[in-house]
Structure formats: C-alpha cells, structure tokens
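This briefing covers selected features of the structure shown below.

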Amino acid sequence: MGPLIPQGIIPGQWNNVIAVLIGMAFGFIMEGSGFSSSRKIVGLFYGYDFTVLKVFFTATVTAAIGLLYFSYLGWIDLSMVHIHPTYVTGAIVGGVVMGVGFVTGGFCPGTSFCGVAIGKIDAIIYTLGLMAGIFVFSEAFSVFEKLYDGNYLGEITITEFFGLSPYLFVFFFTLAAIAIFFITSIIVKRVEEVNY
Amino acid sequence: MIMKISRTYLILSVLLAGLAFVLVLLPKTTRNKEIQPDKLLIEINDPARFVNPDFIAERLINEDPSLQLVDVRTKDQFSKFTLPGAVNIPLNEMSNEEWDESLNHEDKDVILFSNDDLYADQAWIISARQGYKNIYVMKGGLNLWFKDILSPEKPSETASKEEFETYYFRKAAAQYFRGPSSIIKTDIAPSNVELKKKEKKISAEGGC
Amino acid sequence: MAEVYKTKRLKIASAIFIALIVIGFLTFHKPLYKYTLTPEQALVGLSLPESTIGSVEIREIINSEKKNAVLVDVRNVQDYASGHINGAINIPLIDILNEQNYSHLRDLDQDQVNIIIYGKDHLQANGAFMLLKQLGFKNMKFIASEFDIISKMNNDGLKELQLLENMFMDDSIINQFVNPTSKKDSTTEDPPEKITPVKKAKKNSSEGGC
Amino acid sequence: MKTNIEDKSKIYYNPYFGGVVLGLILLATFYFTGRGLGASGAAKSTVVAAVDKLAPEHAQKSAYYSKFLSDDEHPLNNWLVFEVIGMLAGAFLSGALSGRLKFRTEHNPKITTKRRLIFAGIGGFFFGFGSQIARGCTSGAALSGAAVLSLGGFITMMAIFGSAYGFAYFFRKLWI
C-alpha cells in the first residue's frame, strides 16, 4: 500500500502540499517541546536538561517500531522507503564536525529554524552561519571529495550489515532507550539546576 | 504524586518494550525479495519487459557494457549456437541460486532469450517473482533475430523512409554478426544515428 | 517545567499509537493468494506438450456433450465482445486475482474441471497460466497461439510453436544463417514461412503496449 | 532569573509526549512520501539557488552545485524546502500560542550577547559544513536514518552526540 506517493496512490503534485503540512506538524511539536531554546537543547551535554535526548530517542523508537509494524501489516513497502546511504568516512567526520557545531552554536539546523520562527536572534545568526558553512564546503568541494565519497557501503541498514534480525535489534534499541531515560532522570537530580 | 508519576512512566516503558517484544514474537513469513502474486500479476500485464532484436543488435554492435544476454535454452542448444556474450541458464534451473550473479545487476539490463519467446517469458516470470529487476525478454526470440537481423527483407518501393532506414541498419548488422568483414565499420557508423532514435522509441513504449 | 510532570497528553499519544497498531491487527487479513509452489516446483512441467493444448483437442472439447473443461479468455472485455470462442468465459488477465474471478477459478480447479486459457497471443495466455500455476492450480493448460489462429481452429497453433521453440537444434539451419555462403540454399525459404505467426504476434502486442 | 510557574512561555510539552508525536509524524512522513524528515537540505537548496542566481556559470561548472541543479527544475522546488517552510509556520504558530514570540537573544547571563552571537555563527558554520560531509543533519541523517535502521544514520548519530559530549567541556563557559 504505502509509501503512497512513490506508489502513485497519491499524485505527485500533492508532494509539496504534504511537505508543508508535515513540516508544520514537525515545527509545532519541536517548538512546543522547547527546541527553539538553545540553552534547553545544550542542557543534555551538561546534564541539566535532557529534553532533546528524550524527544529524540522516543521519536526514533516510536518510528522504528511503527515502521516495522506497518511493514508487517503490509501497509508500507520498506523496499521503497529511502534508506540513508552509508558513507562511513563522511558520516564519522561530518558527525564530529557537527558535534562541535552543536555544542558551540547550541542548535542543529532543524531547531534553529524553530528559533528563527519565534524571533531568536542567535538562531538567525546560526542559520546564516549554517549557509556560510554549506557555501564554503561547496566551493572547496574538490578538496573534500575523497572524504565525501569515502568507504561507501550502499543503502545498507545496520541489521543487514551485522546480519541481525531487525525486530530483535529494535527491541534491544528500545530497552537501551528506556535505560537512557532512567539514567538521565538520575543525572538531572544530581546536577546543579540551571535556570534559563 | 511523584510515586504516581513514576508508576505511569514505568507502565509506559513496559508497554513500549512490550510492543517491541511482540514484534520479535510475531510469526515471520518469508520476507525475502519475493514479490506477492498480486504484484506479479501487474508486472506480467506490463508489456515493457519486451525488447526488439533491433535494440539488442544495436547494443551488441556498440559493445554496450550494460547489456547481459541470458540464453534460457538447453545446454545442448547453447553449445551449438548462441548470441555473442550470452550466458546459459537453462529454463529448468532458472530458480537456482547459483545464477544470482548473472541475474542480479543494478546497472545492467539482463535480456532473456530462447528460440521463440515463450520459454524466455516463463523464465522472466519466475525471475520477476524472485524480485529481480532490470530483466527483459527478447521479443520473438532467436527466430525473429534470424529473420529480422540476419536475413532482413528489403521493403517494397512504397515503404516509408523509416522502414528503409531500419532495413539498412539490419543489413549492416547482418554483416556484423555473420562474420568479420572490412566493410562493416563504415556501414555501421551512419546507422548508429538511426538507432539512437530507436532506443528512444523503446523507452517511450515502456513509459506508457 | 510543570508540564514535564503532566502525563495526560503522553498517555493519550501512547494510546493512539497502540490503538493504531491494534486496529492494524484487527483489520489484518491474510492475503487471499499465496504461492503454493516454490519457483523450483513451478519450473517443472513447462514443456509444451505438458502445459499446452492444440486446437484439435479444443475442438473436441467444444463439441463434446459431457464437458469437463472450461475455456477462459484472458483478453480484455472489448476484445472478448468482438469475438471469442464459443463457450469461453471472459476473465481479463489483469482481473484474474479479483476475489470473485479467482474463487470461481479455484472452485473449478478443485472440482477437477480442466481450465484452458487463451489470450490475444501465446504470451498473454502464458502469463495467466504461469501465475495460476504458481498459486497451485493443477488442472490447467493454455493455448500457445494467438487468437486469430485459434479462432480459425484449422491450424494447429501448438505444433507450430513447438516447431519454433525447437528450432536451431540442427547444424544445417544454424549454418545457413551464420555462414553467408549457404544463404542461397533452397531450404532457406522454409523457416521464414513458419515464423509468420510470430511476426503477427509482434504487431499485436506493440499495439496493445500503448 | 527565577522560574515563574505562571509564565506560560516557560512551559513546554512533556518530552516523551513530544517524542511520541514526533515519531508518529516521522512515521506518517515515511508512509506518505517514502522518505524521512530533513532540515539542512533546505539550507543547501537555498545556497545552491543563490549561487545559481548570482553566478550561474560558476554553479554549472562546480562539481558540487551541479549535482543539485537540473535544467527543468528550480533548485528551490524541493521537498525539503517546502517542509522547512511548513516548519517555520508550525513553529511560529506554537510560539504564538504560548507567548514566546519575541526578538531576543537567549544566552547565559555570564557571557555577553555579542559573544553568544559570534559562537552561534561559528556553530552554524561547523554544522553546515559537517552536514554536507555527512549528507544530512540531526533530522535528516540521525533521526530519519536511525528510524529506518540505516547504518549511516546510526554512525552519524553516534558521531554527533559523541563529539558534542567530547567537546562540551571546552565550551562549558558558554552555557553554565
């Protein structure tokens, strides 16, 4: 049955309309969860507020479980779902660079857009910096091309790579997420409260 | 108050883990690449899988690396005659996993052929069920290949320009496939232009 | 911060998520159609005499009083309306898995009635045949010829195709094509004649293609 | 600054509620479009569109821009761009409902506004740069990637959080 647009059940023209609607829901929930506040986001790295981690892992676990159920019930054809391609070098180097950006800027791109929408000036500057970063990378692309294309493994899932059952993996991932939630709730109690 | 909240979280955590655990327990059907009968029917009903011998001849002449010919006739027939570069997968061994390497190509078009096109089409249906993509059937099989490509009939005087162009191409192709000849190269060069058109036509048919 | 301790909305959201999955299971029904043959099994018994039927036999079936066979026309409704073999029922290929059509065919198969499939050409009939075969139909054959030939019933389409699929076994036929010198052999005229139905079939299907 | 219970603008959703709803939204995105959410892709499209407008020849020649340029479609006619437009609208709506709409710079009272803005710009720069190397940001690669169990998604996720924890110590003055 699904995904509806690639299967042609919903005509392609609706794609952009759906994009706006989904974006609205996404933005609404992110803002409502406090993702427009950089100090709330960064709290997870200093142990005073784990909102981002909780939202992030709850969302991942919910979506992963939901996708497997949808697939099992025949509602969605997982072979037609886009799997983020794996370029090991790019993912690690890019991830490390993004981590630095995360802890200095206090936003990630999605959350900075939420900040922009409610008038956070630091978010606006962050977004400008974001574009500058993209621009510089594009201009210097030839230098980073090896990094960008290094160790390509294809559109592979973690369970295919390690030969695990996706169901079992999601189950353990869920347990790990619950454990993380429990641990963070203890950490928050021990760390000095920060008001913002 | 706090106790009550932690109990709520405990229940919700257990529910979430339970949901994930049910997934592990669910009976799994064979979830390999195999496509379901209703989807197979849609693919069977789609004529886009058929390609003309002309199209294959052109790609063979151009030494197109993205072409993989598969002869589904018996080993005996294969050893007597086959098309250039073809590998042999007899129809009754089609489902054997050892052929996966020859059939599973992301970047190649695999073209099945038999003497006519019935056996090739049966082989196609089995491979389509097994989830292979980019597999095609040579329309008319070797019969049409021999008739159209190797011994083309000259069209009548009143035939359209296009028919003549096709004829000249086939004439040149016949020379190419019948054996080495010095004239081939000059003969084929102009017909390549014509074939580009052919290719477009084929893809347009597939699009319908 | 107070909202963090409010779990009402969380409970509702979780309930929605669980309800979605539960509803999914309640409405989940096993697919009607399941392959009962593995690909290996499906490849057994595909030789022409085993899987196809010639027009002589078809004539016998039509003329016989005690019918133990059903002719199934898998062409589209318009083609069927513009002419079909007497007594044939019409189930267009694309609709063959519709619940009604499928259960009808299934009942016939279970009642040991022979199902004989024909289409606009041998490939269309073959498509229906191969699909049903993999779904476990046993008493079934198809006519490996195109409708124009079948409808005349004086030409044995089966024999013709058998001939075509068994060509190029012979060195002499191969040689006359591969080796240009033997082109002028008198036997050369023979194969193209036999190929005529194939040529027609090609025209037919390219019309149907678009 | 004291937390004011009456202050509506300080009240956020229960994070698990936000997470479950976000997961359902992500699920719906996969169900409708077969792809995940994203954010940095829209910024990239904007940059590509701007460069294409200002220096079309340069954009065509560049090995990177030309990947995202095609003759028949404007670079801004992109799923992610529309999604981010919706995102801005949704966040604005949520901010308006809880009284958070206000031009201001949020920063640790121990540092100056200027310092906060400079570091915000630097952070954005790094994130933009990194997101191009990894082909996606926290939403595109980590969140959507991990939901479909993509190996790259998990690696990116761990690299982002791991590196952020690793560097957190050096930037602690900015935040606490």
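In chain B, the loop between helix 1 (2–25) and helix 2 contains B:I35. The model is predicted, and in it B:I35 is buried, because its relative accessible area is 11%, under the 20% limit for that class. The C-alpha atom of B:I35 is separated by 7.7 Å from that of B:A128, although the two residues are 93 residues apart along the chain.

**Salt bridges within chain B**

- Over all chains, the structure holds 15 salt bridges.
- One of the salt bridges pairs B:R49 with B:D121, and their closest N and O atoms are 2.8 Å apart.
- B:R49 belongs to the loop between helix 2 (37–44) and strand 1 (50–51) of chain B, while B:D121 belongs to helix 6 (residues 118–129) of that chain, so the pair ties together parts that are 72 residues apart in sequence.
- Both partners are buried: B:R49 has a relative accessible area of 5%, and B:D121 has a relative accessibility of 0%.
- A salt bridge also connects the side chains of B:K75 and B:E93, with an N to O distance of 3.4 Å.
- This pair links distant parts of the chain, 18 residues apart: B:K75 is in helix 4 (residues 75–80) of chain B, and B:E93 is in the loop between strand 3 (87–88) and helix 5 (100–103) of chain B.
- B:K75 is exposed, with a relative accessible area of 52%, whereas B:E93 is partly exposed at 25%.
- Salt bridges with shared partners also join B:D54, B:D148 and B:R170 into one network.

- Which residue of chain A meets the side chain of D:R135 in a salt bridge? The partner is A:D149, at 3.0 Å from N to O.
- D:R135 lies in the loop between helix 5 (113–133) and helix 6 (138–147) of chain D, and A:D149 lies in helix 7 (residues 141–149) of chain A, so this pair joins two chains.
- D:R135 counts as partly exposed, at 22% relative accessibility.
- A:D149 is likewise partly exposed, with a relative accessible area of 35%.

**A nonpolar surface patch**

- Residues of chains A and D also form a nonpolar patch on the surface, made up of A:I92, A:V96, D:F167, D:Y169 and D:F170.
- Together, these patch residues have about 490 Å² of accessible area.

- Chain A comprises 196 residues, of which 62% count as buried.
- The axes of helix 5 (residues 109–117) and helix 6 (residues 121–139) of chain A come within 8 Å and cross at roughly 135 degrees.
- Helix 5 and helix 6 of chain A are therefore oblique to each other, since angles count as roughly antiparallel over 145 degrees and as roughly perpendicular from 65 to 115 degrees.
- The crossing in which helix 5 of chain A passes helix 6 of chain A is left-handed.

Methods. Residues are numbered from 1 along each chain as its sequence is written. Chains are lettered from A and ligands numbered from 1 in the order in which they are written. This is a predicted model: local features need pLDDT of at least 70, side-chain atom pairs count only at pLDDT 80 or more; totals for chains, interfaces and linings use all residues. Side-chain values use heavy atoms; hydrogens and water are left out. Patches are made of residues with over 30% relative accessible area and no salt bridge: like charges are joined within 9 Å, nonpolar side chains (Val, Leu, Ile, Met, Phe, Trp, Tyr) within 5 Å. Accessible areas come from the Shrake-Rupley method with a 1.4 Å probe; for residues, only the protein chains shown count as cover. A salt bridge is a side-chain nitrogen of Lys or Arg within 4 Å of a carboxyl oxygen of Asp or Glu. Axes are lines fitted to C-alpha atoms, for helices over the stretch in contact, and angles run from 0 to 180 degrees between N-to-C directions. Helices (H or I, at least four residues) and strands (E, at least two) are DSSP runs, numbered from the N terminus. Angles under 35 degrees count as roughly parallel, over 145 as roughly antiparallel, 65 to 115 as roughly perpendicular and the rest as oblique. A crossing is left-handed if the near helix is turned anticlockwise from the far one by less than a right angle, and right-handed if clockwise. Buried means under 20% relative accessible area, exposed over 50%, partly exposed in between (1.4 Å probe, protein chains only).
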